[in-house]
Structure formats: C-alpha cells, structure tokens
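This report concerns the salt bridges of the structure shown below. It describes which residues take part and where they lie.

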Amino acid sequence: MSDNHYLAVQIETSIEHKTLCMDGYEIHYNVSGKENRDLIVFLHPAFSDHRAFDLQIDYFSKDYKVIAIDLIGHGLSKANNSNDKIDASSEHIHKILELEGNDGANIVGVSMGSLIAQYFAIQYPDKVRSLMSLGGYDISKENKEVEKAQRAANLGLIFRAAFSMKSFRKKTAEITCITKKGQALFYETSSFYERKSFLVMQGLQNVIKDRKIIKPKYPTLILTGEFDIELAKKLAKEWHANLDNSEYFMIKDAGHCANMDNPLEFNRLVKEFMNTHNV
C-alpha cells in the first residue's frame, strides 16, 4: 500500500517524547500543547499507535495540553517478557497523569482505545473530566453478537499475520478506513505492531464483562463513522440510549476510524462537545 497521502501530513506542533518505566518494559507517550491548559489523552485503535492522531495534534494542541500514548504491545511500547496485558493500560494512564502533574483528563479513545478509556474511567472515575468514544461500545455489558463478530474477524487477521505482516497491515487499514488517505495513515501507524503483540490483546477479557457500575458524572460523547459496520452503529446508539449525560453523532464520509477519514468533522465535534460541557 502506498503511504504517499500520509507522508504529506506534517505536524507543526512541538512534541516531547517521554517514557513511563514499568517492571521490565516502558510505555512511550508524546506530549504537546499548552502546559497550563486542560488535558486531552488520546488512546489509539488496536494494531495502531499514537500516530493515529497525527491529524488531531496540531488542532488540539493550540488550546489544550495533549498526550498521545502508545498502549502496551503497540508502537514503541513493547511488552518484552512482561505478563502484563492490554488491561494494564488503565494503570499506565493513571501513572502518566501523575508524572505529568495532572489530576484529571478528557479521554478520547478510538475503537480499542475507547474500550480502554472506559476501563480507566471505571477504575479512576475522579480522574475523568469527559469521555469521548469513536467506534466503541459499552464495555460493562457482555454481548454475544460482538464476541462472535470479533472472534471471526480476529481469527482471519491472525491467520493473515502468520504469513505476512504486510498483508495484515494492509487488510486492517482497509477494514478501519474508507479513504485512501485514512488507509495510508492507518497502515503507517501499524508498522511497529508485531505478531507476539497478539498475546497482549488477551487482556481485553478483563476489560469487557458484565458489571454493575455507578452512573458516571462526566459527560460522554459517542461517535461512529457513517460507513462503519451496522453492528458498530447499533451498539453505539444503544449505549447512548442507556447512558445519561451522553451525546451521539455519526460522522459523514468516514469508516470505523473516522478521525483518519474525516479529521475535520471529528475534530469539530470533539471540540464543540468539550466547549459545551466546559471541560
């Protein structure tokens, strides 16, 4: 897949690369924007990394402090020989907030990142100013339909990855985005994902399960792409219907990772939501 469209994207904002040292591995993250402003934390989709938000960094760094994390097993955050899985990300986020001197954040998650965002919010509800989800669903309600669909999709991707990581990256890009520019960006962001990282994803079993939770006090924005699969849109609408203090919007001309397909609309909706709720 050609990534010429992606390479045309140039980030003008000054970015500082930092690491969180854990037992046997490091979590990498980038910090940009205004130090004394409200914080936005971006959490990327599965198989991707912090570069999934390259089309958001300049826009939000003008008015906010911005942190984009490479979740464990993704990007530069290699799991190495640790037994930690993707569910450890909630602890990583909490520690990063402490390191950065922030007592709370607006959490923006895309796809798997939206599941981790909710998991963090369940464990550290007082640290969440607002939660914004794209391509996500309620993690506190097990859904057999979702399990079946994800199992089938993941088996196909793992089988493809066993023969060719290039083919795997190309297929995931085609699944997640509908525009050539979006697909090229996703393909590039998956360049550091390795076969052994599939083991890290087993931690999602701890993230998604039936649980009773206290209704969140923070506002929630739920987004889907117009051309995402029908199941994803259905689940997002159901989550919105069952969640107080939430808003739902569909992003036109976009697939699952709409922030890459239609960044202007995604950025506008997130910014307006934050302004409306003064977070």
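## A bridge between Lys-271 and Asp-63

A salt bridge (a side-chain nitrogen of Lys or Arg within 4 Å of a carboxyl oxygen of Asp or Glu) joins the side chains of Lys-271 and Asp-63, at 3.0 Å from N to O. Lys-271 belongs to helix 11 (residues 263–276), while Asp-63 sits in the loop between helix 2 (54–61) and strand 4, so the pair ties together parts that are 208 residues apart in sequence. Helices (H or I, at least four residues) and strands (E, at least two) are DSSP runs, numbered from the N terminus.

Lys-271 is buried, with a relative accessible area of 17%, and Asp-63 is partly exposed, at 31%. Buried means under 20% relative accessible area, exposed over 50%, and partly exposed in between (1.4 Å probe, protein chains only).

## Basis of the model

The model is predicted: local features need pLDDT of at least 70, side-chain atom pairs count only at pLDDT 80 or more, and totals for chains, interfaces and linings use all residues. Residues are numbered from 1 along each chain as its sequence is written, and side-chain values use heavy atoms, with hydrogens and water left out.

## Lys-65 and its partners

The side chain of Lys-65 meets that of Glu-35 in a salt bridge of 3.2 Å, N to O. Lys-65 lies in strand 4 (residues 65–69) and Glu-35 in the loop between strand 2 (26–33) and strand 3 (39–43), so this pair ties together parts 30 residues apart in sequence. Lys-65 is buried at 1% relative accessibility, whereas Glu-35 is exposed at 52%.

Lys-65 also forms a salt bridge with Glu-100 (3.2 Å, N to O). Both Lys-65 and Glu-100 are buried.

## The wider set

Glu-16, Lys-18, Glu-35, Lys-65 and Glu-100 are linked in a network of salt bridges. The structure holds 14 salt bridges.
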